[in-house]
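Q: Could you take me on a close look at one part of this model, the pockets? I'd like to hear what lines them and where those residues come from.

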There are 2 protein chains.
Amino acid sequence: MGSYEQNIFRKYIADQGLKTTLQREIILDEFLRLEHPSTEDLYQSLRSKHQNIGYATVHRALKLFAECGIATVRNFGDGAQRFEPCREDRHHDHLVCTRCGLIIEFENSQIEKLQQQVAKSHAFTVLDHRLELYGLCERCK
Amino acid sequence: MGSYEQNIFRKYIADQGLKTTLQREIILDEFLRLEHPSTEDLYQSLRSKHQNIGYATVHRALKLFAECGIATVRNFGDGAQRFEPCREDRHHDHLVCTRCGLIIEFENSQIEKLQQQVAKSHAFTVLDHRLELYGLCERCK
DNA sequence: GTATTCGTTGAAAACGAATTTCAATTACAG
DNA sequence: CTGTAATTGAAATTCGTTTTCAACGAATAC
Ligand SMILES: [Mn+2]
Ligand SMILES: [Mn+2]
Ligand SMILES: [Zn+2]
Ligand SMILES: [Zn+2]
């Protein structure tokens with residue numbers, strides 16, 4: 001057995017006729033330890049223990065994670081794509097401190113409900129959404 | 001006199017010790033006619049009548065528009081920054097059709113209010129926010 | 001086991017949007 | 001006007017992302 005994410009990933013790999021590799025296992029493992037890493041972040045994080053894993057492989061793995069649904073692509077406006085583990089499908093949104101980069105996660109079912117109402121009133125089917133509040137955290141203001 | 005946006009822009013230019021140029025006036029004028037143009041969109045849109053205005057100048061103008069508050073930077077995940085006129089400070093959010101690119105704008109004061117509550121509960125000061133609902137529009141689903 | 005097949009890997013190259021450089025030009029204060 | 005500093009546009013650069021390609025390796029066939 002393995003973690004929730006490992007199982008989904010392995011199933012996806014098998015279903016697609018792809019191959020399980022040591023690199024992918026290592027990358028997934030490290031990915032699950034990080035918060036909102038960019039490709040570069042994850043690559044650097046692996047460097048110490050695994051100097052033989054290439055940047056391109058890390059990047060390709062992250063794309064696979066997003067494809068199979070265990071990672072979400074984020075963009076907090078800092079010019080780099082960030083990826084984050086979906087963690088059992090618990091959706092959340094973000095407060096982003098524009099000064100120090102602190103990221104606070106939150107869930108608000110009332111907001112989600114209102115979003116659905118808005119979409120409905122425009123005959124729109126929502127597949128995904130992003131809500132980010134930018135500003136200053138307690139320490140920075 | 002001039003439009004709301006022209007006045008703000010000219011004041012900003014003056015205050016910063018910058019210079020009013022014909023190019024900037026033309027670019028602003030065209031910018032206000034478009035919906036959510038990228039630099040490239042705006043550049044192309046100007047090309048027919050003003051083949052002598054360079055891409056870099058368009059880009060620099062857009063950055064100035066954002067700086068002085070008459071434009072907002074948007075990122076709908078298509079890989080290009082988009083800019084949009086603020087239009088008298090009326091904030092709005094977006095429904096984005098991921099199939100045909102249609103963008104519907106909406107305002108929802110209840111959602112905004114809940115956002116403030118969320119921020120407050122984390123001792124966060126919100127300076128800006130983005131809410132985008134991605135999915136399929138009426139025609140595409 | 002050995003061969004064949006086909007996906008994977010990592011380094012390097014290519015890509016593309018954003019940004020900067022630089023020499024020529026222009027706005028505008030004095 | 002004149003001098004000075006900002007602006008311009010073409011080209012070059014930057015930087016994150018993506019692709020290429022030859023070597024490699026896992027899975028399957030023989
Ligand atoms: Mn998060
Ligand atoms: Mn809009
Ligand atoms: Zn902070
Ligand atoms: Zn559509």
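A: In this predicted model, 43 residues line the largest pocket, and A:Arg74, A:Asn75, A:Arg130, A:Glu132 and B:Arg130 are the ones nearest its centre. Its volume comes out at about 1200 Å³. The largest share belongs to β5(A), with 7 residues. Sorted by class, the lining of the largest pocket holds 17 polar residues, plus 13 nonpolar and 13 charged.

Then there's the second largest pocket, with a volume of about 250 Å³. Here 16 residues do the lining, and those nearest the centre are B:Thr72, B:His91, B:His92, B:Asp128 and B:His129. The elements giving two or more residues to this lining are β1, β2 (82–85), α5 (109–121) and β5 of chain B. Of these, β5(B) gives the most, with 4 residues. If you care about domains, the lining of the second largest pocket takes at least three residues from domain 1 (4–85) of chain B and at least three from domain 2 (93–135) of that chain.

Conventions. Residues numbered from 1 in each chain as written. Chains lettered and ligands numbered in written order. Predicted model: local features only at pLDDT ≥ 70, side-chain atom pairs only at ≥ 80, totals over all residues. Heavy atoms only, no water. 1 Å grid on protein atoms, 1.4 Å probe; cavity = no way out; pocket = protein on both sides within 12 Å on 5 of 7 lines; lining within 4 Å. Points joined across faces, edges and corners; volume = space filled by probe spheres on them. Nonpolar A, V, L, I, M, F, W, Y, C, P; charged D, E, K, R; others polar. Domains from an automatic or database assignment.
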